[in-house]
Amino acid sequence: MGDTARDPHISPVKNFVAGGVGGACLLFAGHPLDTIKVRLQTQHKASCSQKVLYTGTLDCFRKTLSREGVLGLYKGMGAPLAGVAPMMAVSFFGFGLGKQLLQSDPSVPITSAQTFLAGTLAGVFTTVIVAPGERIKCLLQVQSISGQLKYAGPVDCAVKLYKQHGMRSVYKGTVLTLIRDVPSTGLYFLTYEYLKNVLTPEGESVDRLSTPRILLAGGTAGIVNWAVALPPDVLKSNFQTAADGRYSGLADVLQTLLREEGARGLYKGLSAVMLRAFPANAACFLGFEVALKCLNRLAPNW
Ligand SMILES: CC(=O)O[C@H](CC(=O)[O-])C[N+](C)(C)C
């Protein structure tokens, strides 16, 4: 993979604001399939006498729609709404900052390795927001399957977790979130930047890329991100929604899953994840680029 061209300097504040807009677009386009993904990932394997609740993505989608209506697909969106926009804001901010830190000479194009490293920095930054957000979101998404409505909403869930076992409980699953997000975010931004450059016609500026090409680059970045992130994501969802004491540690989550379901278990929810990944991330990058253009028009010298 060749070197990627240098972005013109973008202010960290613009990256942050445009990233937030991208995050809101990602959430609205992607949350219904995220609900399906978490429900599929956390349903337990049936024994001989039991039937699984959902046989696959379509079955889960149909059952959720018929039992809970469209709102069922948007369950648990309160926490991500407060979390995804800031998460993507921090992600784009971290990526921009990483690029500036790693590129000592602005006249030399940034390399693919530097782009990847800048993305991993974004992955570290976002974990502070993502780990508790995912813990709350996953608990809310799976509670209606169990039939026990333990939490009234994201705030109630956060308060109850905090009151029961303190911040440790709110941040349960942080290491798995880092394992999921650091390498995948590096590849996410690397894929997007690489495709943006490849898709830019000879002699044209990368900043004037057409909407379909931005959608293609963003959607593909989402697919690459999830191809790497899914196995740790399955472990994370199971760990974060398990009763306290069910697992002795991260290795135990992995061993239990491999023993009960084999390696295939690590790719639970694959079709829901991939169905969501393309449109959600295409919408995210388009939202980011459009917001950035507006900000540049409103405040060109900022
Ligand atoms: C795993 C994850 O949250 O991926 C984000 C995109 C998505 O589909 O939700 C991207 N990023 C890892 C950069 C936060």
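This briefing covers the ligand site and the cavities of the structure above. The model is predicted. The ligand takes up the space of the largest cavity. That cavity has a volume of about 500 Å³. By the rule used, there are four cavities of 30 Å³ or more.

**Ligand contacts**

- The residues around the ligand are Leu-26, Met-87, Met-88, Ser-91, Arg-180, Asp-181, Thr-185, Tyr-188, Asn-225, Trp-226, Arg-276 and Asn-281.
- Trp-226 places a polar side-chain atom 2.8 Å from an oxygen atom of the ligand.
- For Arg-276, an N or O atom of the side chain is 2.8 Å from a ligand oxygen atom.
- Asn-225 has a side-chain N or O atom 3.1 Å from an oxygen atom of the ligand.
- The ligand taken alone exposes 360 Å², and the protein buries 97% of that area.

**Make-up of the ligand shell**

- Two or more shell residues come from each of helix H3 (78-102), helix H6 (174-199), helix H7 (211-241) and helix H9 (270-298).
- H6 provides the largest share of the shell, with four residues.
- Sorted by class, the shell holds five nonpolar, four polar and three charged residues.

**Largest cavity**

- The lining of the largest cavity counts 29 residues.
- Leu-26, Met-87, Glu-134, Arg-180 and Arg-276 are the lining residues nearest the centre of this cavity.
- Helix H1 (12-42), H3, helix H4 (112-146), H6, H7 and H9 each give two or more residues to the lining of the largest cavity.
- H3 contributes the largest share of this lining, seven residues.
- The class count for the largest cavity is 12 nonpolar, 10 polar and seven charged lining residues.

**Second largest cavity**

- The second largest cavity holds about 60 Å³ of space.
- Its lining is made of 11 residues, and nearest the centre lie Asn-238, Arg-246, Tyr-247, Leu-257 and Glu-261.
- H7 and helix H8 (250-261) each supply at least two residues of the lining of the second largest cavity.
- H8 gives the most to that lining, with five residues.
- By class, the lining of the second largest cavity has four nonpolar, three polar and four charged residues.

- H7 gives two or more residues to the ligand shell, to the lining of the largest cavity and to the lining of the second largest cavity.
- H6 leads in the ligand shell, H3 in the lining of the largest cavity and H8 in the lining of the second largest cavity.

How values were computed. Residues are numbered from 1 along each chain as its sequence is written. This is a predicted model: local features need pLDDT of at least 70, side-chain atom pairs count only at pLDDT 80 or more; totals for chains, interfaces and linings use all residues. Side-chain values use heavy atoms; hydrogens and water are left out. A residue is near a molecule or strand if one of its heavy atoms lies within 4 Å of it. A polar contact is a pair of N or O atoms within 3.5 Å; within protein, one must be able to donate a hydrogen and the other to accept it, and residues adjacent in sequence count only if both atoms are side-chain atoms. Accessible areas come from the Shrake-Rupley method with a 1.4 Å probe; for residues, only the protein chains shown count as cover. On a 1 Å grid over the protein atoms alone, a cavity is a set of points where a 1.4 Å probe fits but cannot get out, and a pocket is an open set with protein on both sides within 12 Å along at least five of seven lines; lining residues have an atom within 4 Å of a point. A molecule sits in a cavity or pocket if more than half of its atoms lie within 2 Å of its grid points. Ala, Val, Leu, Ile, Met, Phe, Trp, Tyr, Cys and Pro count as nonpolar, Asp, Glu, Lys and Arg as charged, and the others, Gly among them, as polar. Grid points are joined across faces, edges and corners, and a volume is the space filled by probe spheres set on the points.
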